[in-house]
Amino acid sequence: MIDLIKELTESYGPSGREEEVQKVVLKHLEGHIDGHRFDPLGNLLVWKKGKSDKKVLLDAHIDEIGLVVTNIDDKGFLRIEPVGGVSPYTYVGHRVRFPKATGVVYYEGETPEEQKKNLSNLTFDHLFVDIGACDRKEAESIVPIGTFGVYDSYFYENGKYLVSKSMDDRIGCAVLVEVFKNLKDPRHTVIGSFSVQEEIGLVGASVAAYDFSPLLCVAVDVTDSADYPKGLKRHAMALGKGPAIKIKDRASISHRKVVELLEQAAQKAGVPYQKEVLTFGGTNAAVLQRTKEGIPSATLSIPTRYVHSPSETVSLSDVEGAVKLLVSFIDLELEL
């Protein structure tokens with residue numbers, strides 16, 4: 001599974017530009033699904049037929065946060081806008097990768113005093129990207145306005161933890177791929193939604209379930225962990241204690257029966273799990289549950305440190321536990 005996670009997280013796939021990652025997913029799913037298609041918004045939808053007439057949809061968003069070029073000055077420096085909820089501080093001094101170039105992000109200031117002032121109240125107005133171009137014409141030939149970039153970060157193992165950009169939510173994508181690999185003769189038909197543009201407003205998932213009308217949906221995503229110095233005191237999630245079954249976040253309340261079924265599946269599989277109450281944010285469950293006449297939905301989360309940074313960190317044991325839990329979940333009777 002390590003190789004899969006490495007390939008997924010190191011792939012380029014900001015919101016609206018997810019094609020490279022979709023190819024990786026399909027490569028690893030070859031021989032493990034009964035079919036796939038792309039919907040008009042670009043969501044990758046796959047399925048494995050089951051013995052019953054019930055359908056379960058599992059969703060993981062395939063996009064990552066990033067930035068987009070908004071302007072280029074006469075000297076070839078790029079001005080940028082975030083794509084998704086990104087702090088400007090996470091970019092200072094870091095490299096960003098565009099399809100045809102890599103650049104260094106830094107902040108402006110004509111004097112040390114102005115630099116200090118800008119850094120203390122940093123906005124994207126203060127940032128620029130240096131791709132080594134000599135002038136506007138050269139820069140425009142490589143990264144024209146409208147080009148998307150992502151952190152130029154790589155995957156590595158840090159003790160028992162895994163670190164990379166875009167764990168949010170390539171780790172969820174990895175979980176779904178592994179679930180399908182473990183479905184030999186599933187009890188129910190399983191649909192996998194690798195949805196696009198989550199980071200800019202849950203866009204892809206808002207239509208992903210429409211044609212399938214599943215009995216229920218489970219979004220697989222990351223969640224904030226609070227197990228580092230001065231982590232949020234109202235959050236209980238921690239790395240290494242198992243996947244987290246979400247009770248609520250700022251965008252949705254998980255369907256009580258789906259939560260109970262996830263807990264039952266964890267107990268049946270012998271997987272330790274946590275309960276999650278997130279005081280901010282949301283997942284694709286918020287729009288999946290609003291599809292058509294409404295679909296009972298919940299979220300299974302992977303606790304993650306340093307979310308929306310170049311070094312998002314997860315525990316492999318939590319990821320493996322999520323796979324086992326969902327395989328067990330699909331084998332339940334699933335009565336609502």
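1. Basis. Residues are numbered from 1 along each chain as its sequence is written, and side-chain values use heavy atoms, with hydrogens and water left out. Because the model is predicted, local features need pLDDT of at least 70 and side-chain atom pairs count only at pLDDT 80 or more, while totals for chains, interfaces and linings use all residues.

2. Largest pocket. The space in the largest pocket is about 270 Å³ (a pocket is an open set of points on a 1 Å grid over the protein atoms alone, where a 1.4 Å probe fits, with protein on both sides within 12 Å along at least five of seven lines; lining residues have an atom within 4 Å of a point). Its lining has 17 residues, and D168, V222, G281, G282 and H308 are the closest to its centre.

3. Makeup of that lining. Strand β13 (residues 216-224) gives the largest share, four residues (strands are DSSP runs of E, at least two residues, numbered from the N terminus). The lining has four nonpolar, seven polar and six charged residues.

4. Second largest pocket. This pocket holds about 190 Å³ of space. Residues lining the second largest pocket include R95, D152, Y154 and P310. By class, five are nonpolar, five polar and two charged.

5. Strands β1 and β2. Strand β1 (residues 35-38) runs antiparallel to strand β2 (residues 44-48), with four bridges between them (two strands pair if DSSP finds at least two bridges). G35 faces W47 in β2. The hairpin has five residues between the strands, and G42 takes a positive phi near 105° there.

Conventions: Grid points are joined across faces, edges and corners, and a volume is the space filled by probe spheres set on the points. Ala, Val, Leu, Ile, Met, Phe, Trp, Tyr, Cys and Pro count as nonpolar, Asp, Glu, Lys and Arg as charged, and the others, Gly among them, as polar.
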